[in-house]
Amino acid sequence: MAPILQVEKLIKKYGNFEAVKGVSFSVEEGEIFGLLGPNGAGKTQTISMLTGIIQPTSGTAYIGGYDIRKDMDKIKRLNGLVPQDLALYQTLSARANLNFFGRIYGLGGRELKERVEDMLRIVSLTERADEPVQNYSGGMKRRVNIAAGLLHQPRLFFLDEPTVGVDPQSRNHIFESVLRLNRERGISIIYTSHYMEEVELLCNRAAIIDEGKIIALDTIKNLVAMLSGVIHIGLRQVDDALLGRLAALPAVQQASIAPQPVPPPPAEGEEPKEREIPAAADYQIVKIEAEESQQALINVIAFLNEQDIPIASLQVLEPNLENVFLHLTGKKLRE
Ligand SMILES: Nc1ncnc2c1ncn2[C@@H]1O[C@H](COP(=O)(O)OP(=O)(O)OP(=O)(O)O)[C@@H](O)[C@H]1O
Ligand SMILES: [Mg+2]
């Protein structure tokens, strides 16, 4: 079966700045696909191109076989969007908001009424549906937004960071709604977040996006498995000879310098002061990759002891998406 979404080398530029740098991926019908990345990674920009809010600078995407450059009017019927920022009439009730948005989609009469009630149920708001939205918590407002994005029965549903600023109860309701929509109604979902636990919980596959580029894309299981044998060891005076000897140890596959976060440049007119380099910067993180970390760890520690090389830090990376991001970029997902 053709994928519901096929993205091909999407680029978005603003002057010389490239917000999205040639992103490609595809989503199969019935998948929950995660776009995971830090602030400014390009998640919203990518979604905005796929939903016709902004035009790509180059590249394209196909949704249900239609080209976003030519067939956006047809695509808008297939797409549902929950934007990162809320769009609701605060003085109207949830039910009235949904009726209003339904009419924009050309719905009316009994069909509209039934869908509004159905969507209120999906997001668990039936009981409070007649209160003005301004009385709702952030999470409840977000759920009205989700219901609004579903009224025209999209096949592909984009949720852009739907749990930011949301109370825990609403967060759980949102998770349940997403899973229910997918399992019971077969809706394909694109879910963006910078909370890796959410992506781990909800998604089958995910792309990790950083600085406008996809740096990893796989099933959650395979992404996390990337770390099954990764050890970070902090050492002073690392050179190629040492890395070579570490890599040659039994059970070790590779030894390299882990990517380091780039330190901020000194302020204008300020000389970098060597003596003030913080203690954390006086050693380098060596990344040891192994088939299986246990034996590699034993061998590496034994070797370093033998050579009288002090260990400044040691970390066996717990297999989760946060650490996958750290492993790939040297940065924390949320700083
Ligand atoms: N209209 C614009 N003009 C110039 N740059 C823009 C514009 N809109 C977005 N950008 C830039 O594009 C980059 C990607 O932004 P985007 O909103 O896609 O990030 P994001 O991954 O959604 O982040 P967040 O998690 O904070 O929502 C950012 O550096 C942002 O400043
Ligand atoms: Mg965003």
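**Helix packing, domains and a ligand shell**

Helix α3 covers residues 94-104 and helix α4 residues 109-122. They pack at an angle of about 130°, and their axes lie 10 Å apart. Axes here are lines fitted to C-alpha atoms, for helices over the stretch in contact, with angles from 0 to 180 degrees between N-to-C directions. Helices (H or I, at least four residues) and strands (E, at least two) are DSSP runs, numbered from the N terminus.

This is a predicted model; local features need pLDDT of at least 70, side-chain atom pairs count only at pLDDT 80 or more, and totals for chains, interfaces and linings use all residues. Residues are numbered from 1 along each chain as its sequence is written, while chains are lettered from A and ligands numbered from 1 in the order in which they are written.

From α3, the contact takes Ala94, Arg95, Leu98, Asn99 and Gly102. From α4 come Leu112, Arg115, Val116, Met119 and Leu120. Contact requires C-beta atoms, placed from the backbone, within 7 Å. Six of these residues are nonpolar, two polar and two charged. Ala, Val, Leu, Ile, Met, Phe, Trp, Tyr, Cys and Pro count as nonpolar, Asp, Glu, Lys and Arg as charged, and the others, Gly among them, as polar.

Now turn to α5, residues 138-150. α3 packs against α5 at about 30°, with axes 9 Å apart. That angle makes α3 roughly parallel to α5. Their crossing is right-handed. Ala94, Asn97, Leu98 and Phe101 of α3 meet Val144, Ala147 and Ala148 of α5. This contact has six nonpolar residues, one polar and no charged.

Next, the ligand. Around ligand 1 stand 14 residues, each with its C-beta atom, placed from the backbone, within 6 Å. The closest are Ala19, Asn39, Lys43, Thr44 and Gln45. β2 (17-27) and α1 (43-50) each supply at least two shell residues. α1 gives the largest share, three residues. By class, the shell has eight polar, four nonpolar and two charged residues.

Finally, the domains. The chain is assigned domain 1 (5-224) and domain 2 (228-262 + 281-316), with bounds from an automatic or database domain assignment. Their centres, taken over C-alpha atoms, are 42 Å apart.

Technical notes
Contact = placed C-beta atoms within 7 Å. Parallel < 35°, antiparallel > 145°, perpendicular 65-115°, else oblique. Left-handed = near helix turned anticlockwise from the far one by under 90°.
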